[in-house]
Amino acid sequence: MKFLILAILCFPLFGLSVNFLFGRKWAEPWAGVLATAATTSSFVLSCFLLFHILNLPLTDRTIVATYFNWISTGPLHVDFALQIDPISLCMILVVTGVGSLIHLYSIGYMAKDPGFRRYFIYLNLFIFMMLILVMAANLPLLFVGWEGVGLCSYLLIGFWYEDILKAQAGKKAFIVNRIGDACFLIGMFLVLKTFGTLDFLKLDSQILSSTTVSLTTATIISLLLFGGAAGKSAQIPLYIWLPDAMAGPTPVSALIHAATMVTAGVYMIIRLNVLYLLSPIAMGVVATIGFGTALFAALIAISQNDIKKVLAYSTISQLGYMFGAVGVGAFAAALFHLITHAFFKALLFLGSGSVIHALHGEQDIQKMGGLRKALPITSKTFLIGVLAISGIPIFAGFFSKDMILWFTASSVLGNWGLLFVGLTTAGLTALYMFRLYVLTFLGTPRTAGTHPHEAPPSMSIPLIVLAFLSIVGGFIGLPEWTHFPDIITNFIEPIAKLPELTLGHEAELIVTVVSIVIAFLGLGIGYYLFVSRPAEKERLTGALQPLPTWSQNKFYIDEFYGRFFVGPIMQFAQFCWQFIDVQIIDRAVNLSGSIWRKTSNTMSSIQTGNVQGYALWMAIGTLFLIYFVFKG
Amino acid sequence: MDYSGVMLVTSAAIFTIGVAGVLIRRNALIFFMSIELMLNAANLAFASFSYFLNSLDGQVFVFFVMMVAAAEAAVGLGIIIAIFKNRKTVDLYDLRLLQG
């Protein structure tokens, strides 16, 4: 078992090593084929692991495999240990499964790119780091993966680094993440100081056995760790890097900035659910920021014109849902939404990649339209993704979003305000996603001069598989009133308990009906505004001013940060450089140098090179000596 | 008769001549000879004191000084010849290569 777990981790490492060492002279597709094969192998092994875990009794499904002692100093003992339990297994399956599909897609998408091999090396490195993150059995190892995926994200956002804007987008992502990671590190130190251990299992048992931790400490630790999660998972106030991260290749956006890496924050909190449940305040903050982000990002998404930016804001919004679910104690619902979101958001991103590919790099949806005929597979699968994210029944997003809304309404940690925000966001989601679909695929073509063509099979197969998953993915978490077993909740429950409920299950149907009505309302308004009465849209935009302008300009948050954080820091840096460094430090150094130079110039004139001169000095010196010796 | 004053004055005179030669003459050979003069002035003083004090220590020292002087002469002359071969001059004023 130990070997199988390590093998899952090592396949991507093996793939990238071979690619790195021997791939230089291979013909183009082989680097991609190798990388895809490596990830797929990991996926197949994870499936074996899943069957193994399913055969174990419900309460005994945690396997910790310790390989070697990593850090051992004073009271700190950290092993290189991997932990397999239902939640990490869900993540492993999503990472390797969706990862394999996106690797396959990338072979077509990245064809003829000069950085083809480099791209797949980065992608395999990402899978490796992500697997470390989700399999880690202690916080430091999780942090290794955490930083590793951050590095890969940076490398892949700035993949086309010749373009200065793209390189800057990578830099922005990296720097914003640093802020969160600093919080995470401090939180980790506090965990060690408070509990004396960093292992997840020991941490949980310690919290459950003793209640000596004060509420303040637990709140501070939870909030600091949540700061890290907000950075990695793009929540208010650190979400600003994710829309810019769309500068990377589209499959990267699908894999890293939608399906897997950005969900790491959610995963981390689910992993530490016992710690978070100590502090209702921290849970409240997580829930509020989560739902707040969901609504805020949806408001921005509705007026963006770049196809990838819309999807980026929608990702932020959906991540907000997940944090909202975590915040009300519905960890299983968060993980469920994480999984279904990975399916339909990867699908939507890959679909948008297919559109961009067909239009030779065009990303502005105002210059698209009418692509339904030219791109039949892409448009059908994209529509499935749109319906899934909008929460239309039987599609995956419906069940997961519904579960979140239900727990928001019923959990002791939830309340009606959060539910209202969640429902509003659901309506907005349906509206902006339908707008995206209409502007891209329906209407008359606004693509003069180009002849869009459907993508090669390596790109369309992942689309079809993901579309299938976006339809059936929701059946693993059926609600109570269907009388079918709720597979995902039962699977997760031993690790993360369900919250206490204040409402009976008969109320669940009401929430469901309301959310269905709202989803259809969103689609209906979308149809009314963008298809049947476009003139109404202009009138509405005028009536709602200045909200649409703000939304279009992303509520000026980037400008706000630029003015109040980046600007002062830059000015301070300028001051440090131009005044403290150049005027004070450099001058002091130059002064001490010039003093010695002048002194030695003077002194060196004594050294004439004339031996007789030296002899004269010696004679004079000797005379002095004699004088002083005999003087008395 | 007490010759001690005469001997020591002679020794001091020879030594002073040697010092003057070292300080003034530019020819390396003369310079070198002047050093030998100083050594021999010291030898004379050693020998005189040995005689006056009825002790052989001074004479033993003289032998050592002569031996060291011989070795030094061999090395020094070798250097002077090597310099002459290279630079066709033994004028000390032209050999100020180690000027600061």
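The model is predicted; local features need pLDDT of at least 70, side-chain atom pairs count only at pLDDT 80 or more, and totals for chains, interfaces and linings use all residues. Residues are numbered from 1 along each chain as its sequence is written, while chains are lettered from A and ligands numbered from 1 in the order in which they are written.

Chain A contains 25 helices and 2 strands. Here helices (H or I, at least four residues) and strands (E, at least two) are DSSP runs, numbered from the N terminus. Its C-alpha atoms occupy a box of roughly 120 × 70 × 55 Å along the principal axes. Of its 632 residues, 50% are buried. A residue is buried if 20 or more other C-beta atoms, placed from the backbone, lie within 10 Å of its own. Two residues are in contact if their C-beta atoms, placed from the backbone, lie within 7 Å. Among contacts in chain A with a separation of 6 or more, 81% join residues 24 or more positions apart.

The domain assignment, which is automatic or from a database, gives chain A domain 1 (287–552) and domain 2 (558–599 + 608–631).

In soluble globular proteins, nonpolar side chains tend to be buried together. A nonpolar core is a set of buried Ala, Val, Leu, Ile, Met, Phe, Trp, Tyr and Cys residues joined through C-beta atoms within 7 Å. The largest core has 202 residues, and Ala334(A), Leu335(A) and Ala346(A) have the most contacts inside it. Helix 15 (residues 331–358) of chain A gives the most to this core, with 18 residues. A second, separate core has 6 residues, including Val19(B), Val22(B), Ala28(B) and Leu92(B). Beyond its neighbours within four places in sequence, Leu335(A) touches Ile87(A), Cys90(A), Ile270(A) and Ile492(A).

Chain B has 3 helices and 0 strands. The radius of gyration of chain B (over C-alpha atoms) is 17 Å, well over the 13 Å that the globule rule gives for 100 residues, so chain B is more spread out than a compact globule. That rule is 2.2 Å times the number of residues to the power 0.38. The C-alpha atoms of chain B fill a box of roughly 55 × 25 × 25 Å along the principal axes. Buried residues make up 13% of its 100 residues.

At the interface, 10 residues of chain B contact 12 residues of chain A. The chain B side comprises 7 nonpolar, 2 polar and 1 charged. Ala, Val, Leu, Ile, Met, Phe, Trp, Tyr, Cys and Pro count as nonpolar, Asp, Glu, Lys and Arg as charged, and the others, Gly among them, as polar.

Terms used. A residue is buried if 20 or more other C-beta atoms lie within 10 Å of its own, exposed if 12 or fewer, and partly exposed in between; C-beta atoms are placed from the backbone.
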